[in-house]
Amino acid sequence: MLGNIEEKDLSLFLSRYAPEIFLRTGEHLILVSIAMVIAISIGIPLGIIITRQSKLAQPILVIANAIQTIPSLAIFGFLISVPFIGGIGKIPAIVALTLYGLLPIIRNTYIGINSLDPAIREAARAMGMTDWQLLSQVEIPLAIGVILAGVRVATVICVGIATIAAAIGGGGFGVFIFRGISTVNNELILAGAIPAALMALGADLALGWLEKHLTGPKKINPQVVLFVGLVTFLIVAIITFSSQQTPPTIAIGSKNFTEQIILGELLAQQIESKTNLKVERRFNLGGTFICHEAVKTGQIAGYVEYTGTALTAVLKQKPLNDPQVVLLKVKQEYDRRFNLEVMQPLGFNNTFAMIIRGEDAERLKIKTLSQASQYTPQWQAGFGYEFLERKDGYPGLVKTYGLKFIKPPQQMELGLIYQALKEKKVDFIAGNSTDGLIPVLKLVILEDNKKYFPPYEAIPIFNQASLNKYPELKQVVNQLAGMISNEEMQKMNYQVDNQSRPVQEVVQMFRKSKPI
């Protein structure tokens with residue numbers, strides 16, 4: 001019976017996610033393939049150059065080593081603000097993967113050629129070979145096994161690191177992993193992790209086979225390898241080019257938690273159903289500042305923000321409590337300072353929610369933040385990185401309610417916070433009032449009895465250049481104004497978080513229930 005249930009669950013999961021798995025596989029393959037072609041094109045020549053110019057060997061290898069030690073998320077984050085090769089999407093992801101792939105290729109090319117017996121070179125030169133003939137006919141054929149070993153290592157590294165590309169809208173298997181983390185859904189995490197592992201294993205086996213046949217008794221002609229490489233590159237280039245041959249396309253972004261992905265999908269479906277535009281979905285874009293930078297620079301056309309977040313985190317102004325005043329101020333400042341259009345609110349207010357376990361609230365008879373303040377010295381707090389730094393976040397909250405924590409708050413991804421609270425790794429967290437996991441995990445929101453938090457009405461924000469290019473967007477997006485209640489938003493979050501329903505399906509059902 002258990003086996004039948006598991007088979008049924010697997011069948012249901014595949015029926016829901018098979019098309020997206022194929023899409024993410026293609027994205028991941030394109031990222032890794034292009035990055036590896038570039039890394040090989042740069043790495044092997046560099047490795048050859050430092051065998052000829054020994055003074056360059058140490059600085060080049062030190063730089064390549066230094067790049068390898070930088071955390072991958074830091075590289076992706078740094079590239080967001082770099083002109084031309086930076087921003088969000090596939091280009092900065094490919095740049096980052098290329099940088100990570102260089103060290104094994106450069107080092108193995110250098111070691112492979114330098115480790116050859118000097119007598120072989122002397123014999124080649126005695127036969128009258130030029131330096132190019134020595135390199136192409138003697139050194140590279142003899143060092144090809146070591147060079148390919150470096151390519152194997154670089155490829156496996158790239159496949160793994162490419163999962164982080166989803167944090168800047170690069171796509172790939174990381175989309176599943178980040179979404180699974182944010183919804184505490186192990187199936188989605190495995191849907192990203194297992195194919196990534198299989199791709200890395202497959203690449204390693206294929207390159208191992210190639211290495212064996214290039215260095216073994218039955219050698220493959222290097223010209224055949226070059227031909228296969230060129231064909232592979234052309235196929236990847238054609239796939240990439242073809243993927244761009246779509247109707248007029250705009251990009252819609254979202255932050256990296258469930259509600260944001262739902263709202264991003266809502267904007268995307270609304271635009272696609274009411275216009276001839278094709279929407280590129282760039283979801284899971286880290287936090288507020290990545291999305292803000294992306295929409296400001298036109299790398300996405302729009303995303304959904306919250307008025308309180310816009311006022312305090314982006315505009316760096318003091319919290320205000322009047323929703324109308326906050327909305328008007330945000331509209332004016334976004335237009336004046338960033339040339340961004342703030343659309344009409346979607347209808348719900350997703351304020352910060354200070355949350356504890358239901359059993360603790362019942363045992364200690366706590367309902368408000370003021371009541372909780374006497375227990376905080378015994379608690380371990382857990383917050384997202386952004387909440388700890390924001391003006392309407394941790395510093396002001398502590399001051400307003402006199403909260404005292406003996407241990408410093410644990411910093412963690414938003415997607416991990418609820419699971420950490422449930423498993424008693426932390427006792428007090430900052431979530432969102434519309435999160436679907438709150439009732440599912442039997443958690444309790446403490447009342448903000450001193451009205452510390454400002455209003456957080458959900459507002460679509462769009463780049464003026466996009467609205468000028470596609471003027472129909474404003475009317476289409478404003479049709480969503482006032483359409484979502486707090487209860488409806490929490491229900492959609494619940495359907496994705498707890499019922500593991502695809503976001504596209506949840507949004508489609510919501511849109512069918514509304515006159516839009």
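**Close-up views of a predicted model**

View 1. Met36 touches Ile105, Val151, Ala154, Thr155 and Cys158, where residues up to four places away in sequence are not counted and a contact means heavy atoms within 4.5 Å. This is a predicted model, in which local features need pLDDT of at least 70 and side-chain atom pairs count only at pLDDT 80 or more, while totals for chains, interfaces and linings use all residues. Residues are numbered from 1 along each chain as its sequence is written, and side-chain values use heavy atoms, with hydrogens and water left out. Met36 belongs to helix H1 (residues 2-52); helices (H or I, at least four residues) and strands (E, at least two) are DSSP runs, numbered from the N terminus. With a relative accessible area of 6%, Met36 is buried; the term buried means under 20% relative accessible area, exposed means over 50%, and partly exposed lies in between (1.4 Å probe, protein chains only). Met36 and Tyr100 are 64 residues apart along the chain, and their C-alpha atoms are separated by 9.8 Å.

**View 2. Two buried cysteines.** Cys158 counts as buried at 0% relative accessibility. Cys291 is also buried, with a relative accessible area of 0%. The structure holds zero disulfides, a disulfide being a pair of cysteine sulfur atoms within 2.5 Å.

**View 3. The nonpolar cores.** A nonpolar core is a set of buried Ala, Val, Leu, Ile, Met, Phe, Trp, Tyr and Cys residues joined through side-chain atoms within 4.5 Å. The largest such core has 64 residues, of which Ile300, Val330 and Tyr334 touch the most other members. Helix H4 (residues 90-114) gives the most to this core, with 11 residues. A second, separate core has 61 residues, including Ile252, Leu263, Leu267 and Phe462.

**View 4. Strands S1 and S2.** Strand S1 (residues 249-253) pairs with strand S2 (residues 278-282) in the parallel sense over five bridges; two strands pair if DSSP finds at least two bridges between them. Arg281 in S2 is the bridge partner of Ile252. From S1 the chain crosses through helix H10 (residues 258-274) to S2, and this β-α-β crossover is right-handed. The term right-handed applies if, with the strands pointing away from the viewer, the path from the first strand over the helix to the second runs clockwise.

View 5. A search of the whole structure finds 12 aromatic pairs. Rings of Phe, Tyr and Trp (its six-membered ring) pair if their centres lie within 6.5 Å; planes under 30 degrees apart count as stacked, over 60 as edge-to-face and the rest as tilted. Phe352 and Phe387 form an edge-to-face pair, at 4.8 Å centre to centre and 70° between the planes. Because Phe352 lies in strand S5 (residues 352-357) and Phe387 in helix H16 (residues 385-389), the pair ties together parts that are 35 residues apart in sequence. Phe352 is buried at 14% relative accessible area, and Phe387 is buried at 4%. The rings of Tyr452 and Phe453 have centres 4.8 Å apart and planes at 65°, so this pair is edge-to-face. One aromatic cluster includes Phe352, Phe387, Tyr452 and Phe453.

**View 6. Ser433 in a loop.** Ser433 lies in the loop between strand S8 (428-432) and helix H19 (437-440). Ser433 is buried, with a relative accessible area of 18%. Among the residues that Ser433 touches, not counting those up to four places away in sequence, are Asn349, Asn350, Ile445 and Gln490.
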